[in-house]
Amino acid sequence: SLFLNSNNVSSEGAYAMADLLLEDKCHLMELHLAWNLICNTGLNSLFTAIAMGNTKLKFVDLAYNFMDITVLHSLRRMLERNTTLKYLSLNDLHRFNERAVDSLVPSFAANQTLKMVDLK
């Protein structure tokens, strides 16, 4: 587990974390990155890394970062492709319009492994 909540990780740190998640030898099962000033580009890199075959991660907390609709594609892809994630915490969905939120519903429905999603 890696607990980095409120550590000013920012998008640069998110890029490094995404690179780590893509490593075959990464055995990280929990990633806590809430309240870290991660903007859309950093969130996109994390969602992409989680979608691209990370098979260990079970818990991800990305709440209270700077998420807006520019992450929709990578978030949907992560939800549809990842087969190990059990818990996902996001927020900032208040920045999404109704159509954007509706576009996520099929991806959440397609995911067979998520047991809890915290959208605050």
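This is a predicted model: local features need pLDDT of at least 70, side-chain atom pairs count only at pLDDT 80 or more; totals for chains, interfaces and linings use all residues.
Q: What describes two packed helices?

A: Two packed helices are described by the angle between their axes and the distance between the axes. The axes of α1 and α2 come within 8 Å, crossing at roughly 10°. Angles under 35 degrees count as roughly parallel, and α1 and α2 are therefore roughly parallel to each other.

Q: Which residues of α1 and α2 make the contact?

A: On the α1 side you will find Ser-11, Ala-14, Tyr-15, Met-17, Ala-18 and Leu-21. From α2 come Thr-41, Gly-42, Ser-45, Leu-46, Ala-49 and Ile-50. Sorted by class, the contact of α1 with α2 has eight nonpolar and four polar residues, with no charged ones.

Q: Is the crossing of α3 with α4 left-handed or right-handed?

A: α3 passes α4 in a right-handed crossing. The axes of α3 and α4 are 8 Å apart, and the helices pack at an angle of about 20°. They are therefore roughly parallel to each other. Here the contact draws on Leu-72, Leu-75, Arg-76, Leu-79 and Glu-80 of α3, together with Ala-100, Ser-103, Leu-104, Ser-107 and Phe-108 of α4. By class, the contact of α3 with α4 counts six nonpolar, two polar and two charged residues.

Q: Which residues of α3 are buried, and what covers them?

A: A residue counts as buried under 20% relative accessible area. In α3, the buried residues are Leu-72, Ser-74, Leu-75, Met-78 and Leu-79. Their cover includes α2, β4 and α4 (98-110).

Q: How many aromatic pairs are there?

A: For ring pairs, look at the distance between centres and the angle between planes; planes under 30 degrees apart count as stacked. The count comes to two aromatic pairs. In one of them, the rings of Trp-35 and Tyr-64 have centres 4.2 Å apart and planes at 15°, so the pair is stacked. Trp-35 sits in the loop between β2 (30-32) and α2, and Tyr-64 in the loop between β3 (59-61) and α3, so the pair ties together parts that are 29 residues apart in sequence. Tyr-64 is partly exposed, at 32% relative accessible area. As for the pair Phe-59 and Tyr-87, their ring centres lie 4.2 Å apart with planes at 15°, so this pair is stacked. The pair links distant parts of the chain, with Phe-59 in strand β3 and Tyr-87 in strand β4 (residues 87-89), 28 residues apart. Phe-59 is partly exposed, with a relative accessible area of 21%, whereas Tyr-87 counts as buried at 15%.

Q: Is Ser-89 buried or exposed?

A: Ser-89, which lies in strand β4, counts as buried at 0% relative accessibility. Leaving aside residues up to four places away in sequence, Ser-89 touches Val-60, Asp-61, Leu-62, Ala-63, Asp-118 and Lys-120.

Q: What does Val-9 touch?

A: Val-9 is placed in the loop between β1 (2-3) and α1, and is buried, with a relative accessible area of 16%. Not counting residues up to four places away in sequence, Val-9 touches Leu-4, Ala-14, Leu-33 and Asn-36.

Conventions: Residues are numbered from 1 along each chain as its sequence is written. Side-chain values use heavy atoms; hydrogens and water are left out. Rings of Phe, Tyr and Trp (its six-membered ring) pair if their centres lie within 6.5 Å; planes under 30 degrees apart count as stacked, over 60 as edge-to-face and the rest as tilted. Helices (H or I, at least four residues) and strands (E, at least two) are DSSP runs, numbered from the N terminus. Buried means under 20% relative accessible area, exposed over 50%, partly exposed in between (1.4 Å probe, protein chains only). Contact means heavy atoms within 4.5 Å. Axes are lines fitted to C-alpha atoms, for helices over the stretch in contact, and angles run from 0 to 180 degrees between N-to-C directions. Angles under 35 degrees count as roughly parallel, over 145 as roughly antiparallel, 65 to 115 as roughly perpendicular and the rest as oblique. A crossing is left-handed if the near helix is turned anticlockwise from the far one by less than a right angle, and right-handed if clockwise. Ala, Val, Leu, Ile, Met, Phe, Trp, Tyr, Cys and Pro count as nonpolar, Asp, Glu, Lys and Arg as charged, and the others, Gly among them, as polar.
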